[in-house]
Amino acid sequence: MNLRLLKRNIPFLATLTVCVLLYAIAGIRYESFFSARVFVNFLSDNAVLGIAAIGLTFVILSGGIDLSVGSVIGFISITTALLVETRGVPPVLALPTVLAIGTLFGAGMGTLIHFYALPPFLVTLAGMFLARGAGFMLKLESMPITKFSGIVDAMAIPLGSRLELPGTASMFLVLLLIALAVAHFTRFGRNVYAIGGNEPSAILMGLPVASTKVLVYALSGFCSALAGVVYTFYTSSGNPTAGTGLELEAIAAVVIGGTLLSGGVGFLAGTLVGVLIFAMIQTIITFQGNINSWWTKIIIGLLLLVFILLQKLIQSKKLRTHS
Amino acid sequence: MTRVLQTTTWRKLRWPLLALALVFAFNLAFTRHFFELTVRDGRVYGSVIDILNRGAPRMLLALGMTLVIATGGVDLSVGAVMAISGACAALLVTKSGLPVAAVIPICLGVALLAGLWNGLLVGFFQIPPIVATLILMVSGRGIAQLLTDGQIITFENRPLEFIGRGAFLGLPFTITLVLIVFLIVLFAQRRTAAGLFIEATGDNETASRYSAVNTRMVKLLVYSFCGVCAGIAGLIATADIKAADTNNVGLWLELDAILATVIGGTPLQGGRFYPAGSLIGAILIQTLTTTILTRGVPVEFTLVVNALVIIAVCLLQSEEFWKLIARPKRKPATQA
């Protein structure tokens, strides 16, 4: 039993090892890489990616995929900016509105996927077009937001005398804690794992497959919308091009974090580690100074490949022991 | 004639053809000079020719994508491969001084390598196609940007420009290119075993394997072909603007190619494929884009239209949708 559990955890353990090694090597090579400020920046600079990746983790755990996350971020960020700045809606009203829009958008895609038996890949691809196009139709350029600075400052958590956890990072961490609880300690979370593991048997077991699947995409829509809001906090602007290509980075973070793309196996904690690895590679490239930043994409692609092959290896071994 | 109208191909093609006819009718009524053709300096000019010319990269990608989708896969990396091949061409032409006759095969070779890589991952390592091609989609653009150092490389080179802007028999050369690739696909589908094997692999992979179809090689073949198609499309796009813009060339085009294929009647699950349908799908998308542009609506609106079209087409193809329409009172069996 212990051994089997361990085997299932190999991708996650491998990710953790890579993360720690990367951190240690970078810490030794570059001065002040170990400082708390750098670590805090990992979280705050990648809060948008992290929050989107949390929602995506649920979708992938359920055996689906959501390609619309990046576009929803762009759409929500420009919608928020227009609501708050141009229309003068108070943030207290505007933020719940945009979060509801994102959630409804996700739920709509979930409905199409489940009730009309359309491939998730195709529906969310169309969702990606729709959200990006809608964002561009609202406004073509980015616009500054001035009314949010108070909210972000209020959410910052002080860590010692000269350092604080910025509001964006604390939102990411709080959402992660909630998501961890939802995934591992609620009925909904267990249903998601069950559907991802084997959907027909989940149906036969009488689990609420329909509502769970729609909810999973709604949750992903909510997370993307929240990521869009965090983007406006982080950059103090709304931008319809925000999050271009972010869906790929998010998928990469989830997969590197040890979640199987076939669904049913994985951890939300792994997604955090995946995001951290992503952040570290970016920071190392900045610290090094003479490497072209395009290497980030190539290295992430390679890491993705390595982890997918690792997953494949474990799966094929599992099959062999079973048959 | 009635027998022709009853074939599967025709039945599959009638929806996209109808949609295309609708868009053309709209243009006939509202866009002035839409169907007008003028001959200047031995070249034919006109909106329709322009649509075919602009749509050439989309059509090429759609043809490659059709074969990949026919095996039940998908290739997300075509846009990135376009960027790589364009970057190679610009770099070789400006830096190496090689003749264009050598540059083009090298670029297509690189694109072929990219396709082989995808085919290797999907066919031999059995990684799900979305993920396998995602790897190259993420790192491909990075590789292209690394090649060009993140700069836009411009060039002046007559023979290379010919690919994107030249004229052949009075028509843009790009149309000839598309026609050649289309005929190759059609020939492979109707006159060689490859077409049969591709359909068999998409229909039922396990059964095909037991019938001694080498499904791995079939997949390697279709992804390689798709890579080469993307390579040609990249050359056209690069030659057209006389520059390698690795950030923007082929952006969003992978999605257009998938959309064109699905509109054309090839199901995403694989199996029977319709190259002619994919061409019509690509022309339809290009016509929509051009129509939207000539009406003065922002080009971003095309994204929304594309999204709505893709959902509508998929719903029309979904059996569950028709079941729900036919019996709206009963809940679907899968609902718990």
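Student: Is Q126(B) buried, exposed or partly exposed, and how is that read?

Tutor: The reading is a neighbour count around the C-beta atom, placed from the backbone: a residue is buried if 20 or more other C-beta atoms lie within 10 Å of its own, exposed if 12 or fewer, and partly exposed in between. Q126(B) has 14 other C-beta atoms within 10 Å, and is therefore partly exposed. Before going further, note that this is a predicted model, in which local features need pLDDT of at least 70 and side-chain atom pairs count only at pLDDT 80 or more, while totals for chains, interfaces and linings use all residues. Residues are numbered from 1 along each chain as its sequence is written, and chains are lettered from A and ligands numbered from 1 in the order in which they are written.

Student: Where does Q126(B) lie, and what is its phi?

Tutor: Helices (H or I, at least four residues) and strands (E, at least two) are DSSP runs, numbered from the N terminus. By that numbering, Q126(B) lies in the loop between α6 and α7 of chain B, and its phi is near 55°, a positive value in a residue other than glycine. A212(B), in the loop between α11 (205–210) and α12 of chain B, is another non-glycine residue with positive phi, near 70°. A212(B) counts as exposed because 6 C-beta neighbours lie inside 10 Å.

Student: Which residues of helix α8 (residues 158–165) of chain B are buried, and what covers them?

Tutor: The buried residues of that helix include L160(B), I163(B) and G164(B). To see how they are placed, one takes the arc of the directions from the helix axis to the C-beta atoms; here it is only 90°, which puts these residues on the same side of α8(B). What covers them includes α5 (78–96), α6 (100–124), α9 (173–191) and α12 (215–241) of chain B.

Student: How many residues does the largest nonpolar core have?

Tutor: In soluble globular proteins, nonpolar side chains tend to be buried together. A nonpolar core is a set of buried Ala, Val, Leu, Ile, Met, Phe, Trp, Tyr and Cys residues joined through C-beta atoms within 7 Å. The largest one here has 204 residues, and those with the most contacts inside it are I51(A), A52(A), V230(A), L304(A), I84(B) and C229(B). Helix α12 (residues 209–235) of chain A gives the most to this core, with 17 residues. Leaving aside neighbours within four places in sequence, C229(B) is in contact with L60(B), L61(B), L63(B), G64(B) and V181(B).

Student: How many residues does each chain bring to the contact between chain A and chain B?

Tutor: Chain B brings 37 residues and chain A 42. On the side of chain B that touches chain A, α7 (129–148), α15 (301–317) and α16 (319–326) each supply at least two residues, and α7(B) gives the largest share, 12 residues. That side of chain B divides into 25 nonpolar, nine polar and three charged residues, where Ala, Val, Leu, Ile, Met, Phe, Trp, Tyr, Cys and Pro count as nonpolar, Asp, Glu, Lys and Arg as charged, and the others, Gly among them, as polar.

Student: How many helices and strands does each chain have?

Tutor: Chain A has 15 helices and four strands, and 51% of its 323 residues count as buried. Chain B has 16 helices and six strands, and of its 336 residues 49% count as buried.

Note on methods:
Two residues are in contact if their C-beta atoms, placed from the backbone, lie within 7 Å.
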